[in-house]
Amino acid sequence: MAKPDPEDGRWNFAPDDLGGLIFRFSRYFRPKIGPYRPASWDHDHCECCWKKIMEEGGDAESGWVTQLHDEDRWICDECFTDFREALDWRIEATKGH
């Protein structure tokens, strides 16, 4: 898989385990409560640029989401567009398509 411009600081945030995943575009939703996510959890961050994604008041109210290791992982729309090809990200097929 080809790396984006090494001068792009967002590439430093992209974990190695995100390659080849399937995403769907969604409004942000609060995560399931668990040992690392208390009931007060109200946002996530883009895995690449660290923009705050939340229902209201963050940098974005929607983004691309996937499940990885039983957690929802979020990518902002800009990073998804910029890194989709390099990380071989796919879009989940929707019903009727």
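In strand β6, R90 is the bridge partner of I22. The model is predicted, with local features requiring pLDDT of at least 70 and side-chain atom pairs counted only at pLDDT 80 or more, whereas totals for chains, interfaces and linings use all residues. Residues are numbered from 1 along each chain as its sequence is written, and side-chain values use heavy atoms, with hydrogens and water left out.

Strands β1 (residues 22-27) and β6 (residues 90-91) pair in the parallel sense over two bridges; pairing requires at least two DSSP bridges between two strands. Strands are DSSP E runs of at least two residues, and helices are H or I runs of at least four, both numbered from the N terminus. With β4, strand β1 pairs in the antiparallel sense over four bridges, and F25 stands opposite W64 of β4.

Beyond four places in sequence, the contacts of I75 (heavy atoms within 4.5 Å) include L18, F23, W64, F80 and W89.
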